[in-house]
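Here is a short briefing for a first look. Please keep the sequence and the 3D view open while you read.

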Amino acid sequence: MFDSIRGRLQFVQEGIKASLSFKGVKGDEPRHGKKQVRPPVNFEAGGDLLNKYQNEWSDIHKICEENAGNAQKLDTAIGNLHKSIEKEWNSMTRLTNNLSCLPQVIQKTEEIIEDIGKFHSLLLEVEDSLIRLTDINETQQLQEKFVEGRFQLALYREKKLNQLENVRAQLTDEHRTKIFQKEKIMEGQQKEKREIFDEAFKEDIEKYKETGSVPKIEIQLKEGPSLEEVVLDMDASALDELLND
């Protein structure tokens with residue numbers, strides 16, 4: 001664009017120069033029959049005109065450059081505006097699509113709220129079931145502890161009964177041993193007493209045979225066995241012999 005303007009200005013400048021040179025040449029030619037008077041020529045008029053056109057061309061060039069810069073800025077602004085409008089348009093399109101799906105979203109939301117209510121009811125039922133399960137578990141644990149306690153008590157009772165039987169058997173054996181030892185001692189004492197009584201009885205019989213009277217028996221008070229403890233010898237041969245005499 002600037003090249004075309006520059007070419008036009010050069011064409012106008014060359015035309016002005018050609019017209020000026022043509023006028024100068026034409027004024028130098030003599031006319032037939034007349035003597036022409038040459039007017040004063042201002043040779044600097046073309047330079048001023050050329051300077052004027054050059055200044056105007058420079059101003060036009062600057063204005064064109066400014067317009068080109070402004071056009072570039074305007075193009076950038078238009079591009080940004082186009083992008084912004086396109087972005088807004090896309091946003092509006094998405095918003096329109098989303099708004100078109102709004103009834104479905106509301107329906108899904110209502111279904112979700114209904115499902116949440118059902119889930120809440122189910123959670124309450126599960127909580128009640130867990131509470132009942134906890135109570136059953138505690139009851140079962142108490143029953144198991146009670147059964148375990150009874151079992152331990154039965155084992156302890158059986159153990160103590162066995163110990164009691166063992167102690168009873170041990171005491172019975174000790175008692176029998178002591179009774180047997182006591183009986184042995186008493187049997188020895190009774191045997192010794194019977195021997196003494198037999199000898200005294202025989203002596204009394206001999207004296208009775210000799211004197212015809214029974215000697216007086218001196219009773220010595222001393223501790224001895226009771227009547228229940230005295231065991232009489234059932235051998236009555238000496239008494240029968242006395243009665244027969």
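A patch is made of residues with over 30% relative accessible area and no salt bridge, with like charges joined within 9 Å and nonpolar side chains (Val, Leu, Ile, Met, Phe, Trp, Tyr) within 5 Å. Glu192, Glu195, Asp198, Glu199 and Glu203 form a negative surface patch. This is a predicted model, in which local features need pLDDT of at least 70, side-chain atom pairs count only at pLDDT 80 or more, and totals for chains, interfaces and linings use all residues. Residues are numbered from 1 along each chain as its sequence is written, and side-chain values use heavy atoms, leaving out hydrogens and water.

**Overall build**
- The chain has 4 helices and 0 strands.
- Its elements run α-α-α-α from the N terminus on.
- Helices (H or I, at least four residues) and strands (E, at least two) are DSSP runs, numbered from the N terminus.

**Burial, contacts and surface**
- Of the 245 residues, 2% count as buried.
- Buried means under 20% relative accessible area, exposed means over 50%, and partly exposed lies in between (1.4 Å probe, protein chains only).
- Among contacts with a separation of 6 or more, 79% join residues 24 or more positions apart; a contact means heavy atoms within 4.5 Å.
- The chain exposes about 23000 Å², and carbon and sulfur atoms supply 58% of that area.
- Accessible areas come from the Shrake-Rupley method with a 1.4 Å probe; for residues, only the protein chains shown count as cover.

**The negative patch**
- Glu203, one of the patch residues, lies in helix H3 (residues 102-211).
- Asp and Glu count as negative and Lys and Arg as positive, while His and the chain ends are not counted.
- The place of a charge is taken as CG of Asp, CD of Glu, NZ of Lys or CZ of Arg.

**Salt bridges**
- The structure holds 2 salt bridges, each being a side-chain nitrogen of Lys or Arg within 4 Å of a carboxyl oxygen of Asp or Glu.
- Lys118 pairs with Glu114, and their closest N and O atoms are 3.9 Å apart.
- Both Lys118 and Glu114 lie in helix H3, 4 residues apart, about one turn of the helix.
- Lys118 counts as exposed because its relative accessibility is 53%, whereas Glu114 is partly exposed at 47%.
- Arg168 and Glu165 also meet in a salt bridge, at 3.6 Å from N to O.
- Arg168 and Glu165 both sit in helix H3, 3 residues apart, about one turn of the helix.
- Arg168 is partly exposed, with a relative accessible area of 46%, and Glu165 is partly exposed at 44%.
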